[in-house]
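Please look over the sequence and the model shown here.

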Amino acid sequence: MNKPIPTDFMELERCYDQLMLWCDVLQAIADFLPCHIDEDLCDRISRGLLPLLQTTHELEQRLISSRLGLIMDAAEKAGADERRRAGRLVGLGAARDVAVTLETVGEGGCRLSWETVGYQLRSFFCSMRSHIRSEREIMTLMQRATETAARLEEATNRTEAA
């Protein structure tokens, strides 16, 4: 059974949904290369991918990284913070590469082979989907920890009142 998403995670979930849609589009492009790729589509993705990813990373930092202490001790949190920071940097670099490639494909001036373009797109969307799955799992763990803490507090309050 899916639990409702906490309100403060709603904006992050919208970003994840948009990224997942773009992953689907990138997969379709990769699957059908060397087909003609719509210039407007390439332009929309190449212009919008980086800002969307940067917004997503800012929300992850604010909403998830700041709350990792709910599910991890200090040493685990430090390691997780570093791995997540490094992962975001790699993801941002890959997104830049995809944006440049799509821009040149849309303009008809891409010097990469179709096989290379397909590999680059697949590498990006596979890692992005994996990242989103992992972040959503962390959000679920945080939600459970918050709910457990609330239940414990409620039980403590009832006990004290009795």
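**From the loop into the helices**

Pro-34 lies in the loop between α1 (10-32) and α2 (39-64); helices here are DSSP runs of H or I with at least four residues, numbered from the N terminus. The model is predicted, so local features need pLDDT of at least 70 and side-chain atom pairs pLDDT 80 or more, while totals for chains, interfaces and linings use all residues. Residues are numbered from 1 along each chain as its sequence is written, and side-chain values use heavy atoms, leaving out hydrogens and water.

Most peptide bonds are trans. The bond from Leu-33 to Pro-34 is cis, with omega near 10°.

How far apart are the end C-alpha atoms of α2? They are 36 Å apart, which agrees with the 38 Å that its 26 residues should span at 1.5 Å a residue; the expected span is 1.5 Å times one less than the number of residues.

α1 and α2 pack at an angle of about 145°, their axes 9 Å apart; axes are lines fitted to C-alpha atoms over the stretch in contact, and angles run from 0 to 180 degrees between N-to-C directions.

Helix α3 (residues 74-107) holds Asp-97. Asp-97 is partly exposed because its relative accessible area is 43%, between the limits of under 20% for buried and over 50% for exposed (1.4 Å probe, protein chains only). Asp-97 and Ser-46 are 51 residues apart in sequence, yet 9.5 Å apart in space, C-alpha to C-alpha.

Note on methods:
Helix = DSSP H or I, 4+ residues; strand = E, 2+ residues; numbered from the N terminus.
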